[in-house]
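Hi everyone, thanks for coming. Please have a look at the model on the screen, and then I'll walk you through a few places in it.

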Amino acid sequence: MKNLRGKTALITGASRGLGVHLARALADRGVHLALAARTASDLERIRAELAPKGVKVLCVPVDLTDRVALQSVVERVVGELGSIDLLINNASLEQGALYTEYPRESLQRTIDVNLTAPMMLTSMVLPHMLARGEGHVVNIASVAGIVGVAYNEAYATTKHGIVGFTRSLAATAEGEGWPVGFSCILPGFIADTGMYEHMKQLTGSASPLIAGTSSPQAVVSATLKAIERNRLEVVGRHPLGFARVRSRRMVQSRGLGQASTTVGRAGSVGAARAPGSALTLERFRYAESHARARRGRAEQRSLRKA
Ligand SMILES: NC(=O)c1ccc[n+]([C@@H]2O[C@H](COP(=O)([O-])OP(=O)(O)OC[C@H]3O[C@@H](n4cnc5c(N)ncnc54)[C@H](OP(=O)(O)O)[C@@H]3O)[C@@H](O)[C@H]2O)c1
């Protein structure tokens, strides 16, 4: 989708973190916005900030785990703003824990927010885009969608799912000649905002180098390019920011065989040649920092009990 001005975007997770940066950048390009998240007061604050830019901004407070509410959101946005040209599935839950201690009720919730909601919303919005002959769906994944991240099974599983979902949709779009683009953005860690920054402040744990840390601006810029140039996948890369690692054609013609190359390239230049050893080392460091944080929390709990 080359010209974004005057289009309408539905962004989930728009109340804080990366979603706010995406909303600001789209408003700067003249895109009308529907902002979705649970916290209505935060959405309202963002609406007040962005409305003076001359775009329409609609707040649609919603819990993404409520499937009936999702349909109402789509109907409301189309009714009030006229269309949904861009769907940005950005909202996610992340809860690191040793898997044997991972709360089972959080498993379903993580899957519902990170995977089922984007799949549902896409299914609801896609017929509308096809009827209009234009549209783009962006799924914000993570490097955790292509590598195994210790202490993060639920999140990594949903992110692997969303990567597969996007690849599959892009393949179908190619086969069916759909006039709709699909992109998946796979940041490493995002600095200064969002869930990682929150975790860093809580635990003091550093990001593994291999995943790379990008500014929110770099992630936003990669996302906008992916929409404007119809790129299928963009993966965070340390220390160079973002790089396109595969074209639509490579995914479809080489299928699964291509996946290991992506893992290598996703991290750093060295990892491209030795993904196993480099990733194992970084994963170990990441696991260590989480383990330290976990031990700290356990100590605090036992101190409180004592
Ligand atoms: N931050 C990073 O380092 C990093 C790295 C790689 C990938 N990513 C990806 O980037 C995206 C944005 O991450 P972030 O760091 O900006 O996250 P964040 O700061 O934790 O924000 C998450 C957003 O999702 C919304 N949300 C959570 N549960 C919801 C629910 N049940 N219903 C509706 N909305 C819900 C939250 O709003 P409410 O609480 O108001 O509902 C919030 O707006 C995610 O897909 C994440 O996986 C982030």
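Let's start with Leu10, which counts as buried because 25 other C-beta atoms lie within 10 Å. For that word, buried takes 20 or more other C-beta atoms within 10 Å of a residue's own, exposed takes 12 or fewer, and partly exposed is in between, with C-beta atoms placed from the backbone. Before I go on: this is a predicted model, where local features need pLDDT of at least 70, side-chain atom pairs count only at pLDDT 80 or more, and totals for chains, interfaces and linings use all residues. Residues are numbered from 1 along each chain as its sequence is written.

Leu10 sits in strand E1, residues 8–12. Helices (H or I, at least four residues) and strands (E, at least two) are DSSP runs, numbered from the N terminus.

What does Leu10 touch, leaving out residues up to four places away in sequence? Ala34, Ala36, Val77, Ile84 and Leu87. Touching, or being in contact, means that the C-beta atoms, placed from the backbone, lie within 7 Å. Take Ala36: it is 26 residues from Leu10 in sequence, yet their C-alpha atoms are 7.3 Å apart in space.

Now to the ligand. How many residues surround it? There are 27, and the closest are Gly13, Gly17, Arg38, Gly194 and Tyr196. A residue is counted as near if its C-beta atom, placed from the backbone, lies within 6 Å. Helix H1 (18–28), strand E7 (189–190) and helix H6 (194–203) each give two or more residues to this shell, and H6 has the largest share, three.

In H6, Gly194, Met195 and Tyr196 are buried, and the buried residues of this helix pack against H1 and E7. Just after H6, Gly204 takes a positive phi of about 75°.

That's my tour, and I'm happy to take questions!

Definitions and conventions:
Contact = placed C-beta atoms within 7 Å.
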